[in-house]
Amino acid sequence: MAVCEVPEGNEIHRWAERHGAAFAGKVVRVDGPQGRFVDSDVLDGRKLLKVMAVGKHLGYDFGKDRILHVHLGLQGDFKEGSGPLPAVKGALRLRMCNDAAVKRPIVPGESKKHSWYSDDDGTGHIAPAQVVWVELRGPMDCTVYTQAKWDALLERLGPDPLNGDGPERFVEKVRKSKKAIAALLMDQTVAAGVGNIYRAELLFRARLSPFVEGKDVPEAVLKAVWKDAIPLMKAGMVDRRIVTTLPKDRPINPKGKVLKEEAHYVYRRHGQECFVCGTKVMKQEMAARNLYWCPNCQKAKQRL
Ligand SMILES: [Zn+2]
């Protein structure tokens, strides 16, 4: 079972890239075969222009005022396949497919499937261009947006490290706030796409205390955090997993495949020894999620 976290920007951007490669520029069939998506007529049979990702939001652009907005939330999950459409089962919200999938007869078990990416070990991988159908289950939101509604969403969201945004707006928003930096990093209006794993790991990599108020974090440190986030999140897209440790900090297996228990410095490592200093990693709730940090490497008064 996947770890219960809202998928972070790396995963959302990866879905956008895959679904764009599979469907953009093509006529797409859209339906909600169990009555869980009633607006399919607005999109069905139209050409998908592009797939957009910003933060944790996906937008499938079917033309003016026909943008399918998807937010996976905690439970949402895509499945993709290269064979014929599988039989409808489970709490299926929506499916998209191209004609190649519709015209082929359904043969149970024949479809190659590709699902929840953090469980995906790379076996059974389907090249994006070969994906002919996508199923969506359990999203927090799956509705058709007008252009104005999509634009309002973009307006609300902070800059996204994976969309080529610079650190300026991030720095400005953080430096105005008395909230703790760890809470600010979870705020999608401050940094879009950063979630619970990246917030913990970015703070550790910067050796920055999660409790420092935004206004007290030096601008240079915030710029460094932003600069660090970009390749880290891009790597998370490509690798289909989040790895934040440097090889030299992995005590068991510094070379070769990154072991699950050595992929992160602090995330879900509470009670275990910090890879860098040996102090026990701590955990407490902040911004409604568990926060993990090393009280020695990330001292409250520390300045870089
Ligand atoms: Zn430490």
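This briefing covers a zinc site and a helix pair. The model is predicted, so local features need pLDDT of at least 70 and side-chain atom pairs count only at pLDDT 80 or more, while totals for chains, interfaces and linings use all residues. Residues are numbered from 1 along each chain as its sequence is written, and side-chain values use heavy atoms, with hydrogens and water left out.

**Zinc site**

- The zinc ion has the protein donors Cys-274 (SG), Cys-277 (SG), Cys-294 (SG) and Cys-297 (SG), at 2.2 to 2.4 Å (donors are N, O and S atoms within 2.8 Å of the metal, or 3.2 Å for Na, K and Ca).
- Angles of 100 to 115° between the 4 donor atoms make the arrangement tetrahedral (four donors with all angles between 85 and 135 degrees).
- Along the chain, the donors are spaced C-x2-C-x16-C-x2-C.
- Cys-277 sits in the loop between helix H8 (219–239) and strand S11 (282–286), and Cys-294 in the segment after strand S12 (289–293), so this pair ties together parts 17 residues apart in sequence (helices, H or I, of at least four residues and strands, E, of at least two are DSSP runs numbered from the N terminus).
- Cys-277 is partly exposed at 30% relative accessible area, whereas Cys-294 is buried at 0% (buried is under 20%, exposed over 50%, partly exposed in between, with a 1.4 Å probe and protein chains only).

**Helix pair H7 and H8**

- Helix H7 (residues 196–205) packs against H8 at about 130°, with axes 10 Å apart (axes are lines fitted to C-alpha atoms over the stretch in contact, and angles run from 0 to 180 degrees between N-to-C directions).
- The two helices, H7 and H8, are therefore oblique to each other (angles under 35 degrees are roughly parallel, over 145 roughly antiparallel, 65 to 115 roughly perpendicular, and the rest oblique).
- Tyr-198, Leu-202 and Arg-205 of H7 meet H8 residues including Val-225, Leu-232 and Gly-236 (contact means heavy atoms within 4.5 Å).

Notes: Tetrahedral: all angles 85-135°; square planar, octahedral: opposite > 155°, others 65-115°.
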